[in-house]
Amino acid sequence: MDVDFIFRVAAIGIIVTVLHQLLVRSGREEQAMLTTLAGLVVVLLMIIEQIGNLFATVKSVFGL
Amino acid sequence: MALLPVVGAALVASVLVLLLRAHRPEYALLTAAAAGLFLFFRLLDDLLAPLLELREMLCDAGVELSCFTVACKALGVCYLAQFVADLCRDFGQTSLAGRVELAGKCAVLALSLPLLRQLLELSISFLR
């Protein structure tokens, strides 16, 4: 767990925003929606994996 | 100094969140959650050493360790509940945050029941 986890999530957010605008401007609203959804799924999976690690760490540190 | 990286990461993360909030609010919130997770991990790393040291001191002083372990567990539960409740508030769900805090309180109560029992028995033995 290091700093670039934050930057990775933010980078995906920025890329998806740009892609969304690109696709919307070129008239493909549904692809834009799907791209945003795909990006969201990727980021959520990353975050949920880290939350799993968090719970394991809390258990080990506090002996829960 | 353990404070500097935490301060730096928090500032950078909030700038990124602001940047993303204009276009994609959901990614802004996920970035905030990621930053919260990172800072929480750093906190846990910095917290482990003092806790173990405290345990050593208590062991040397011959104090019974059950109350210390209960205190440690309660601390962990409170940290976790507070972290998730603040995250829910970030997402704008104050009612969910209240539910999470309530769950944390119940967990701490459940944790402290054996201690209360010990206290009760101790006081009764004094009265007799």
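How many salt bridges does the rule find across the interface of chain A and chain B? The rule finds 0 there, where a salt bridge is a side-chain nitrogen of Lys or Arg within 4 Å of a carboxyl oxygen of Asp or Glu.

## Before we dig in

This is a predicted model, in which local features need pLDDT of at least 70 and side-chain atom pairs count only at pLDDT 80 or more, while totals for chains, interfaces and linings use all residues. Residues are numbered from 1 along each chain as its sequence is written, chains are lettered from A and ligands numbered from 1 in the order in which they are written, and side-chain values use heavy atoms, with hydrogens and water left out.

## Where the two chains meet

Let's look at the interface. Here 31 residues of chain A are in contact (heavy atoms within 4.5 Å) with 31 residues of chain B. The buried area is about 2,700 Å², and carbon and sulfur atoms give 87% of that. Buried area is the accessible area (1.4 Å probe) that two parts lose on being put together, summed over both. On the chain A side, A:Ile6, A:Leu54 and A:Phe62 lose the most area to chain B, together 25% of what that side buries.

Polar contacts do turn up: 3 residue pairs between chain A and chain B, both residues at pLDDT 80 or more. Such a contact is a pair of N or O atoms within 3.5 Å; within protein, one must be able to donate a hydrogen and the other to accept it, and residues adjacent in sequence count only if both atoms are side-chain atoms.

Which elements give two or more residues to the side of chain A that touches chain B? They are helix H1 (4-25) and helix H2 (29-62) of chain A. Helices are DSSP runs (H or I, at least four residues), numbered from the N terminus. H2(A) gives the most, with 15 residues.

## Helices inside chain A

The axes of H1(A) and H2(A) come within 8 Å and cross at roughly 170 degrees. Axes are lines fitted to C-alpha atoms, for helices over the stretch in contact, and angles run from 0 to 180 degrees between N-to-C directions. These two helices are therefore roughly antiparallel to each other, the word for angles over 145 degrees.

## A salt bridge within a helix

Over all chains, the structure holds 4 salt bridges. One of them joins A:Arg8 to A:Asp4, with the closest N and O atoms 3.2 Å apart. Both residues, A:Arg8 and A:Asp4, lie in helix H1 of chain A, 4 residues apart, about one turn of the helix.

Technical notes. Angles under 35 degrees count as roughly parallel, over 145 as roughly antiparallel, 65 to 115 as roughly perpendicular and the rest as oblique.
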